[in-house]
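The sequence and structure come first.

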Amino acid sequence: MDNMNLTLKIWRQKDSNAKGQMVDYKVTDISEHMSFLEMMDVLNEQLVNSGEEPVAFDHDCREGICGMCSLYINGEAHGPDRGITTCQLHMRMFNDGDTITIEPWRAAAFPVIKDLIVDRMSFERIQHAGGYISVNTSGNTQDANSLPISKHAADEAMDAATCIGCGACVATCKNSSAMLFVGAKVSQYALLPQGQVEAADRVKNMVAQMDLEGFGNCTNTGACEVECPKGISLDNIARMNRELMKAALK
Amino acid sequence: MNGFFKSSIGRKVAMALSAFFLMFFLLQHLAINLLSVISPDLFNEVSHFMGTNPLIQFALQPVLIFGVVFHFVMGFILELKNKKANGVAYAKNNGAANSSWVSRNMIWSGIAILAFIILHFIDFWFPEINTKFIKGDWSGTMAGVEGYRYYEELVHKFVNPVRVGAYVVAFVFLALHLMHGFTSAFQSMGGTAGRKKTLQAIGKAYSIFVPVGFIFVALYHFFNH
Amino acid sequence: MALDSKIPKGPIKDKWTDYKNHINLVNPANKRNIDIIVVGTGLAGGSAAATLAELGYKVKAFAYQDSPRRAHSIAAQGGINAAKNYQGDGDSNYRLFYDTVKGGDYRSREANVYRLAEVSGNIIDQCVAQGVPFARDYGGLLDNRSFGGVLVSRTFYAKGQTGQQLLLGAYSAMNRQIARGKIEMYNRHEMLDVVKIDGKARGIIARNLITGEIERHSAHAVVIATGGYGNVYFLSTNAMGSNATAAWKIHKKGAYFANPCYTQIHPTCIPRSGDYQSKLTLMSESLRNDGRIWVPAKIEDAKAIQQGKLKPTDIAEADRDYYLERRYPAFGNLVPRDVASRAAKERCDAGYGVNATGEAVYLDFAAAIERYGQEQAKIHNIKNASAEKIYELGQAIVEAKYGNLFQMYEKIVDQNPYKTPMMIYPATHYTMGGVWVDYNLMTTVEGLYCIGEANFSDHGANRLGASALMQGLADGYFVLPYTIGDYLSHDIRTGTIPTNTPEFDAVEKEVTDRISFFMNNNGTKSVDYFHKKLGKVMWDKVGMSRNAQGLTEAMAEIKAIREEFWKEVKVPGSANELNPELEKAGRVADFLELGELFAKDALVREESCGGHFREESVELDGEQKGEAKRDDVNFAFVSAWEYKGEPADAVLHKEELEFKDIELKQRSYK
């Protein structure tokens, strides 16, 4: 395939207080083998060379694991491909002459810091509220094998634990609900014996913090599960619901 | 329990519980309606029981009204809260890529159903209450005297094609609402993957069977009288 | 200043225990009045911050990302070593110690490595208690896999995401302390310099990356845990933001920098596809267990493939050169990372590369699929199975083992690796060199500590697979919290360090001057332009194989790029806002100095050892002809460089390495 020429519609916003707007840019000679963020690098190099401010976007590992990159591309979190983050999206998903709309995550709990960068501290505060097992880090714990855990439970906990905290679930949810994110963490510990002691307090505190941050309510549309780059299952939300009901009945 | 129903998940659970109650009520209502097709007499008998039994009239009926009102009010409250949680709207949003239309538009199918319920109350429930309790006219509700009026009224209502049309449209919306609502309620109550496939099948069957049943009764009487 | 590594006396297996028995402790009431700054929150920094806070110190932690969970430790795939001997295959602390020293090509400090092996088991206990979902067998006990270059199964893993799960474990421990108010977390903050008062590290200057505000933070001790400097090559498997600024800034303030030339080039990465490439992606080393590495034997076939006229599957078996199997019959495709990487480069330099850039070799699973398919056919009693059936059965096994890696490859390269061989090429992955530290993990600046990949570490000249995670967590959870206490026990009467002192004023001015320089330079070229240029010199002349001429040229070229950089760099925007270009400018400025010292170190080390290969130092005859030759007589030392202005003027201090518990041997994989 020949290289592509594209029109980009990108949200530009100077800082958290400024009013933003969509701005059009053109990029030319984009190879299909480029990653989406490499295409953004090309645009930025172009902007720097012409004396304009480059577009600010979050990214770091560029291999789909750190959870730093975001971007709502053509109306979808992490763009049109599945099971990947934006940094793993490749330009072969687009065609010559396409117009690509690029926006930041939108949610009241994710305010824009600049251009395409949002503030995800709300996720951090939810984790502070209970995303841990209260064990000292002295190393004077019992031997790792003194607590057998069924392979099934360990595997399921692992599946929940693969969440990278990118926020695609919130961005994609029509209600800006964070339940997939919170459900994944609650589930990881709920599935393991180590997490049982604090299970009731953990789910109560994390849900309370989630509500306080202004995330919306889950209406089970399932969009989060589809857009999640790590395939975190909706079952984790169901499990969190059960955990909270259990905690409430205690 | 303190605070549970104030939490987002608690409200979800409350929505699901009221939904279960309403879905059960729909089944019961449909069963009685279907009787009108099978046997007018049986329909009258059962209607009479429902309309005069004190337990149903003074205990279950208020619960039902509360359930309906609660489900609507909570639905609207959550919708407003969710809108607020959204912040700035996307310039481009491709919701169809990751979720069904019905799941994203519960509020609209809900509003359509609300409109129908208002119509339904004006049609059946207000006249009934007015006749029975305000005017104190219990004629047509007593066994043996001049016969029951229930069946006659039912048939009478399904003569006007406009009303039947609205009725059919409303139940199409109900089907859409149930298509997402049924499984959603189970998910909210913590239903998991093991049961998912079966649940989805049952949900689909329910959300088609129930509205189609109501529509069938309406059309049956429309075409037969 | 003479280097004192402060290794405790006594037999190696008692050193750490004896040491812990005799250090000074700080009582809990006093800990409350002691501040510690931890810069970097990956495995080492995160675990250190959590543990120090739990002990009762007041901790301030800094990360340039928006959360500690995003540190690049998260990208480690394979696993973490620990001498648990759960498999009963003869593992022990000594064996792990031995393997690590040998794997490091005898260029690490014995006492440190032994301590690392000693605490390795504790790490696993700790992580399980924290809820890290390690892989388990059907009996519910922890599972192990084996990893390159060792004879036992001691690697614990969590799918292909072990680094992620361990980091989330440390992150959760941090969260607990943040919730208790014991850690003050500064996300999106970058340390730009260290402040010394009376020779001791007493604080840092940091920039709030959102507002651009320059902040002063004081403490009784400063811990640097900012990872490696692999991004000096521009292209590496490191994260885009991974940088050497903190390590380099403390070097300029008196911390010696050790062995910068020890870099690990990982053999199995996805090749570069064009000049726009921004980073390289690692494919787990485990692939070499089943994949066979080859290039065409005939140069005309290689050319045809490069031009897209032939496909790999068109090349007949007889025309393929399985060069690792040919050169190293004993280890074959499983030779250590450095050997595999150099062999790939050798073939590609000779013109046999297999993609458009000529920098790729094949990693072929066809034989493995066939072998597994035959096996499965036997197991399932399928007689006279068709080739398709056998392929299908074999593919299922390969998919179960490597499915996620194959999927990742297909997403990036858009080729199906079940049908056509993967293309791989070596890429910079890990830096064994780093800030010099003594047994206490303290640098040559008092009160300034360095842990994890950022220090020159326990890996000598080459790191074994699954050992980076082990070292990061060992330093943070189990070593630093003891050693730092011994130092801080002298600071219980000091009281809070004020930040309105001339020392802070002076360093802050240096920082702000540099920022204003960038903002006002009005150059013509972007930061990336210089970074790419530096990377190319580093890769071509200070890469997988090095010689005196190339290294001398590299030093001059890097110096020239640096001079051009200071004249021509262009940074848009302003200093008082989120400005990624400004962040990059500062980091690249430091890489441009570090790169030169790197080349100088490589030039001085006239031997081949581990990741450092000098073309002049090879075996001249015998079975090992052409292979790397270590020189223990002249080079069994750590090179610790003291900053003297220009990198070229750095002064070398040698820490002689003594091997009392292990006999020095030349590695052989023939």
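## Nonpolar core

In this predicted model, the largest nonpolar core has 318 residues. The residues with the most contacts inside this core are C:V223, C:I224, C:V435 and C:Y449. In soluble globular proteins, nonpolar side chains tend to be buried together.

Leaving aside residues up to four places away in sequence, C:V223 touches C:I36, C:I37, C:V38, C:V39, C:A48, C:Y449, C:I451 and C:L480. One of these partners, C:Y449, is itself listed with C:V223 among the residues with the most contacts inside the core.

## Contact between chains A and C

Chain A gives 66 residues to its contact with chain C, and chain C gives 66 residues. On the chain A side, at least two residues each come from α1 (36–49), β6 (112–114), α2 (121–128), α3 (151–161) and α5 (179–190) of chain A. The largest share, seven residues, is supplied by α1(A).

By residue class, the side of chain A that touches chain C has 27 nonpolar, 24 polar and 15 charged residues.

## Contact between chains A and B

The contact of chain A with chain B takes 39 residues from chain A and 37 residues from chain B. The elements giving two or more residues to the chain A side are β5 (99–103), α6 (199–212), α7 (223–227) and α8 (235–249) of chain A. Of these, α8(A) provides the largest share, seven residues.

The side of chain A that touches chain B divides into 17 nonpolar, 14 polar and eight charged residues.

Technical notes:
Residues numbered from 1 in each chain as written. Chains lettered and ligands numbered in written order. Predicted model: local features only at pLDDT ≥ 70, side-chain atom pairs only at ≥ 80, totals over all residues. Contact = placed C-beta atoms within 7 Å. Helix = DSSP H or I, 4+ residues; strand = E, 2+ residues; numbered from the N terminus. Nonpolar A, V, L, I, M, F, W, Y, C, P; charged D, E, K, R; others polar. Core = buried A, V, L, I, M, F, W, Y, C linked by C-beta atoms within 7 Å. Buried ≥ 20, exposed ≤ 12 C-beta atoms within 10 Å, placed from the backbone.
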